[in-house]
Amino acid sequence: RALRFAATTAALNGQDWELLRGDMVAPVAGRRFDLVVSNPPFVVGPGTTTHVYRDSGRVGDAIGSELAAAAPGLLTEGGTMQYLANWVHVAGEQWDERVAGWFAGTGLDAWVIQREVADPMAYVNLWLTDVGEAADPQRMAAWLDWFDAHKVEAIGFGVISLRRAGHADPVIRVEDLRQRVEPPMGDRITTWFDRQDFLRVRDTEALLAERYRAAEGLQLRQEATMGDEGWAVDRQVLAMPHGLRWTEEVDPLVLALVGGA
C-alpha cells in the first residue's frame with residue numbers, strides 16, 4: 001500500500017522512481033548513494049509491533065543505532081545521510097554519550113541534534129493518542145512498566161546528520177537544540193560540516209593566522225543588577241537572532257575577542 005501511494009505521488013509529479021519493498025536497508029544491500037534520508041518507525045518501546053508506521057519491532061531505540069551501523073555501507077565518499085530518531089535517557093547514564101556511541105567506529109562525521117524531550121507518561125500518551133483509538137489502560141501500563149524496568153527517565157527526539165568524509169579523525173557532536181529555529185535547516189547543517197573540514201586541517205598556529213568576522217546580526221545581551229555604585233553586569237550572552245538561534249554565555253575575554261572580529 002505504501003509503495004502504491006509512492007508510485008501515485010511520483011506519477012502526479014511526472015517522475016519515475018525505483019520503489020523497493022523490504023526491511024530497512026535490505027533492498028539496497030551492496031549499493032551506495034550520495035544521499036540517504038529516512039523517517040523510520042522510531043518509536044521507543046518493548047519491541048511490540050501494533051502499528052507499522054511507528055513500530056519497528058526492535059527493542060528500545062535500537063532502530064537508531066541500526067541505521068547508524070548501516071550508514072558506512074550505504075554512502076559514497078562525501079555522501080550524506082539524515083534520519084529522524086528517538087533515544088532513551090537512562091538513569092545513571094549520560095544520554096549524549098550513549099547516542100554518540102552509535103557512531104563509534106563508523107568513520108563518519110556525525111551531528112546529532114536533540115529537539116525535544118518527553119517524560120515516559122507524556123511519550124506514551126502522545127503515541128496512544130496519535131493512532132486515534134480509544135485509550136487502552138493495559139497497553140499504557142505495559143509500556144510504562146517497560147520504561148520503568150529499563151530505568152528510562154525520558155525520551156529524546158531529534159535529527160541525525162551523517163557524512164562520509166574519509167578522514168581518520170571523524171567528528172561526533174551530540175547537543176541540545178530545543179530553541180525555535182528559523183527554517184530551513186539544510187544550509188546550516190551543510191555549513192556545520194564545512195566548519196569541521198576547516199578545523200580539521202588547521203593546527204593552532206594556522207587557526208591564529210586566520211582572520212575572523214563576527215556573524216551577521218550577532219547580538220550581545222546583558223543582565224545586570226543595580227547596586228550602590230550603579231549597574232553591575234551579572235551575565236553576558238551572545239545571541240544569533242536568525243538561523244539556529246544559538247545563545248552562549250561568554251566571559252569578558254571572549255567578548256573582547258568577538259568584538260575585535
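Reply: Four nonpolar, six polar and three charged residues make up the lining of the largest cavity; here Ala, Val, Leu, Ile, Met, Phe, Trp, Tyr, Cys and Pro are nonpolar, Asp, Glu, Lys and Arg charged, and the others, Gly among them, polar. Bear in mind that this is a predicted model, with local features needing pLDDT of at least 70 and side-chain atom pairs pLDDT 80 or more, while totals for chains, interfaces and linings use all residues. Numbering starts from 1 along each chain as its sequence is written, and side-chain values use heavy atoms, with hydrogens and water left out.

Searching the whole structure turns up one cavity of 30 Å³ or more (a set of points on a 1 Å grid over the protein atoms alone where a 1.4 Å probe fits but cannot get out; lining residues have an atom within 4 Å of a point). The largest cavity holds about 80 Å³ of space, the volume being what probe spheres set on the points fill, with points joined across faces, edges and corners. Its lining has 13 residues, and Val 43, Gly 45, Gly 47, Thr 48 and Asp 55 are the closest to the centre.

Ile 63, Gly 64, Leu 67, Ala 68, Ala 71 and Leu 74 are buried in H2 (under 20% relative accessible area with a 1.4 Å probe, protein chains only; exposed is over 50%, partly exposed in between). Those buried residues pack against strands S1 (33-38), S2 (75-90) and S4 (152-163).

Leu 3 belongs to helix H1, residues 2-12, and is partly exposed at 34% relative accessible area. Beyond its neighbours within four places in sequence, Leu 3 touches Leu 19, Leu 20 and Arg 21 (contact is heavy atoms within 4.5 Å). Arg 21 is 18 residues from Leu 3 in sequence, and their C-alpha atoms are 7.6 Å apart.

Last stop, the hairpin: S6 and S7 form it with two residues between them. Strands S6 (219-227) and S7 (230-239) run antiparallel, joined by nine bridges (pairing takes at least two DSSP bridges). One of the bridge pairs is Gln 219 with Ala 239 in S7.

Conventions: Helices (H or I, at least four residues) and strands (E, at least two) are DSSP runs, numbered from the N terminus. On a 1 Å grid over the protein atoms alone, a cavity is a set of points where a 1.4 Å probe fits but cannot get out, and a pocket is an open set with protein on both sides within 12 Å along at least five of seven lines; lining residues have an atom within 4 Å of a point.
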